[in-house]
Amino acid sequence: MNTALHRLELTRLVASSGWSKRTVRRWRPGYLNAGAVAVLAILIAGFVFSMMTNWPRSFGHASPTANGEPARRAVAAADPAPASDDASLRPETVPLEAAPVDGLRILSQHWRRGGLGSNALVTFTLRNRNDYAVKDIEISCAFSRRDGSHLTDRTRIIHDTVRMRGRRRFAHLHVGFVNVNADRAKCTLVAASRI
C-alpha cells in the first residue's frame, strides 16, 4: 500500500515539474544533501574536540594528575625510630576489621530457567555469622555449559537484610538473562554492607 502512494506522489511531482517519467526514474542524486553534510560536520567536530581534550592520554603520555589529584613524588625517608625490640618504641598498629562479606556464606544453591528459557532464577540460603546485620548483598553467578566451558557472568545486588547470626532463604531470585546453552551455575558472594 505504501508503494502505491509513493508512486502516486511521484507521478504528481513529475506532472507538476514538467519532467518526464523516464527522467525521474533514471535520476539518482550524485551528491550529499545538506542534512548528511551537517551530520558529517558534527561528527568530525566531536572527534577533533575529543582528541584535543584527551591529547596527553591518546599518545601515551602520562597525565600529571590522576582523578583530579595533584601528582606526588615518593620520597625515601630514614626511619626516625631506633631499631630495638622494645614494644613501647614501636608505633601502634590498628587491627584491620573484617569485611561484612567475610562472615557470610551460601549454604545451598540451585537454579532453574524462567520466562521463555533465558531468565535465570536462583534459589539459595545465606548464613550470617557476623555480630551485626548485613544488607545490600552483592552476588555474582557464573554460568557454564555441561562440559564446563564458561558462558556468562551475572551480578545482582540484594537489597534485603540478613540479621546477625541468622539465616535467610532467597527463592527464585531473578539474576538476569543467560545463554540458552547454560547448564550449570555457581554463585559467590562479592560484597555486603554493615547495618
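The model is predicted, and residues are numbered from 1 along each chain as its sequence is written. Local features need pLDDT of at least 70, side-chain atom pairs count only at pLDDT 80 or more, and totals for chains, interfaces and linings use all residues, while side-chain values use heavy atoms, with hydrogens and water left out.

The mean pLDDT (the predictor's confidence in each residue, from 0 to 100) is 75 for the protein, and 61% of its residues reach 70 or more. Over residues 58–79, pLDDT stays under 50, and the model has 6 contacts there beyond four places in sequence; a contact means heavy atoms within 4.5 Å. Where pLDDT is low, the predicted coordinates should not be read in detail.

The protein holds 4 helices and 8 strands, these being DSSP runs numbered from the N terminus (helices H or I, at least four residues; strands E, at least two). Along the sequence they follow the pattern α-α-α-α-β-β-β-β-β-β-β-β. Of the 195 residues in the protein, 21% are buried, where buried means under 20% relative accessible area, exposed over 50% and partly exposed in between (1.4 Å probe, protein chains only). Among contacts between residues at least 6 apart in sequence, 66% join residues at least 24 apart.

Gln 109 has Phe 124 as its bridge partner in β4, and Gly 114 has Asn 119. The two strands form a hairpin with 4 residues between them, and Gly 115 in the turn has a positive phi of about 65°.

The other open sheet also consists of 3 strands, ordered β6-β5-β8 and paired in the antiparallel sense. Its edges are β6 and β8, each with a single partner strand, so one side of each is left without a neighbour in the sheet. The twist averages 20° from one strand to the next. Here β5 and β6 pair over 10 bridges in the antiparallel sense, and the bridge partner of Ala 142 in β6 is Asp 153.

Leaving aside neighbours within four places in sequence, Phe 124 is in contact with residues including Ile 106, Ile 139, Ile 158, Phe 170 and Leu 173.

Ile 139 itself lies in strand β5 (residues 134–144) and is buried, with a relative accessible area of 0%. Beyond four places in sequence, Ile 139 touches Phe 124, Ile 158, Leu 173, Leu 189 and Val 190, among others. Ile 139 and Ile 106 are 33 residues apart in sequence and 10.0 Å apart in space, C-alpha to C-alpha.

Two asparagines of β4 complete the picture. Asn 128 lies in this strand (residues 119–128) and, at 1% relative accessibility, counts as buried. A polar atom of the Asn 128 side chain lies 3.3 Å from the backbone oxygen of Val 162. Asn 119 is also found in β4 and is buried, with a relative accessible area of 16%. The side chains of Asn 119 and His 174 are joined by a polar contact of 3.3 Å, that is, a pair of N or O atoms within 3.5 Å; within protein, one must be able to donate a hydrogen and the other to accept it, and residues adjacent in sequence count only if both atoms are side-chain atoms. Among the other contacts of Asn 119 beyond four places in sequence are Arg 112, Gly 114 and Phe 177.

Note on methods. Two strands pair if DSSP finds at least two bridges between them. Axes are lines fitted to C-alpha atoms, for helices over the stretch in contact, and angles run from 0 to 180 degrees between N-to-C directions.
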